[in-house]
Amino acid sequence: MSRELKFRAWDNLNKGFIYFDIQDYPSGIYGGVSDPQQYIGLKDKNGKEIYEGDLVNFSVNNTVELGDKDIMEYKNQDVHYSNEFCGFMFGENGFTPLDRIIMTSIEVVGNIFKK
């Protein structure tokens with residue numbers, strides 16, 4: 001199974017993102033760009049691609065036993081890669097396993113460059 005490898009970088013001069021794939025890294029951009037941010041392979045509930053550096057709102061199902069539902073809401077959580085967990089995580093205070101996130105609830109609400 002393969003996934004699409006797409007990236008973006010924040011252009012400090014134009015205050016916007018430059019999107020590219022792994023073979024077309026942008027060069028010759030004046031004013032500097034951020035480190036590349038990878039597309040995580042998921043889209044939010046509105047069909048928007050989710051990248052590292054996005055801020056997202058989402059819900060987590062903390063069900064311990066069947067029938068016992070405990071839904072936690074998270075707001076403005078940043079998306080980033082965790083070397084410790086070898087995967088993408090949401091928020092600063094811990095790893096949120098994707099199987100516990102209610103996928104229909106993820107919504108991109110901003111990014112780390114425009115809070």
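A residue is called buried when its relative accessible area is under 20%, exposed when that area is over 50%, and partly exposed in between. By that rule, 36% of the 115 residues in the protein chain are buried. The model is predicted, and the values below are computed from it.

**Overall make-up**

The protein chain contains eight strands and zero helices. Along the sequence this reads as β-β-β-β-β-β-β-β. For contacts in the protein chain between residues at least 6 apart in sequence, 48% are between residues at least 24 apart.

**The four-stranded sheet**

Four strands form an open sheet in the order β2-β1-β3-β4, and their pairing is antiparallel. Strands β2 (16–21) and β4 (49–51) are the edges, each pairing on one side only. From one strand to the next, the twist averages 40°.

Inside this order, strand β1 (residues 6–11) pairs with strand β3 (residues 37–43) in the antiparallel sense, over two bridges. Opposite R8 stands Q37 of β3.

**Salt bridges**

Three salt bridges are found in a search of the whole structure.

| Pair | N to O distance |
|---|---|
| K6 and E49 | 2.2 Å |
| R8 and D54 | 2.8 Å |
| K45 and E107 | 3.9 Å |

The salt bridge between K6 and E49 has a distance of 2.2 Å, N to O. K6 belongs to strand β1 and E49 to strand β4, so this pair ties together parts 43 residues apart in sequence. As for cover, K6 has a relative accessible area of 17% and is buried. E49 is partly exposed, at 22% relative accessibility. The value for K6 is 17%, and because the cut-off for buried is under 20%, K6 falls in the buried class. E49, at 22%, is classed as partly exposed.

In the salt bridge of D54 with R8, the closest N and O atoms are 2.8 Å apart. This pair links distant parts of the chain, with D54 in strand β5 (residues 54–61) and R8 in strand β1, 46 residues apart. Which class of accessibility do D54 and R8 have, buried or exposed? Both D54 and R8 are buried. R8 is also the residue that stands opposite Q37 in β3.

The salt bridge between E107 and K45 has an N to O distance of 3.9 Å. E107 sits in strand β8 (residues 107–111), while K45 is in the loop between β3 and β4, so the pair ties together parts that are 62 residues apart in sequence. E107 has a relative accessible area of 25% and is partly exposed. K45 is partly exposed too, with 47% relative accessibility.

**A polar contact of D78**

D78 is part of strand β6 (residues 71–82). Its relative accessible area is 17%, and D78 is therefore buried. What distance separates the side chains of D78 and H80 in their polar contact? The polar contact that joins the side chains of D78 and H80 is 3.1 Å.

How values were computed. Residues are numbered from 1 along each chain as its sequence is written. This is a predicted model: local features need pLDDT of at least 70, side-chain atom pairs count only at pLDDT 80 or more; totals for chains, interfaces and linings use all residues. Side-chain values use heavy atoms; hydrogens and water are left out. Two strands pair if DSSP finds at least two bridges between them. Axes are lines fitted to C-alpha atoms, for helices over the stretch in contact, and angles run from 0 to 180 degrees between N-to-C directions. Buried means under 20% relative accessible area, exposed over 50%, partly exposed in between (1.4 Å probe, protein chains only). Contact means heavy atoms within 4.5 Å. A salt bridge is a side-chain nitrogen of Lys or Arg within 4 Å of a carboxyl oxygen of Asp or Glu. A polar contact is a pair of N or O atoms within 3.5 Å; within protein, one must be able to donate a hydrogen and the other to accept it, and residues adjacent in sequence count only if both atoms are side-chain atoms.
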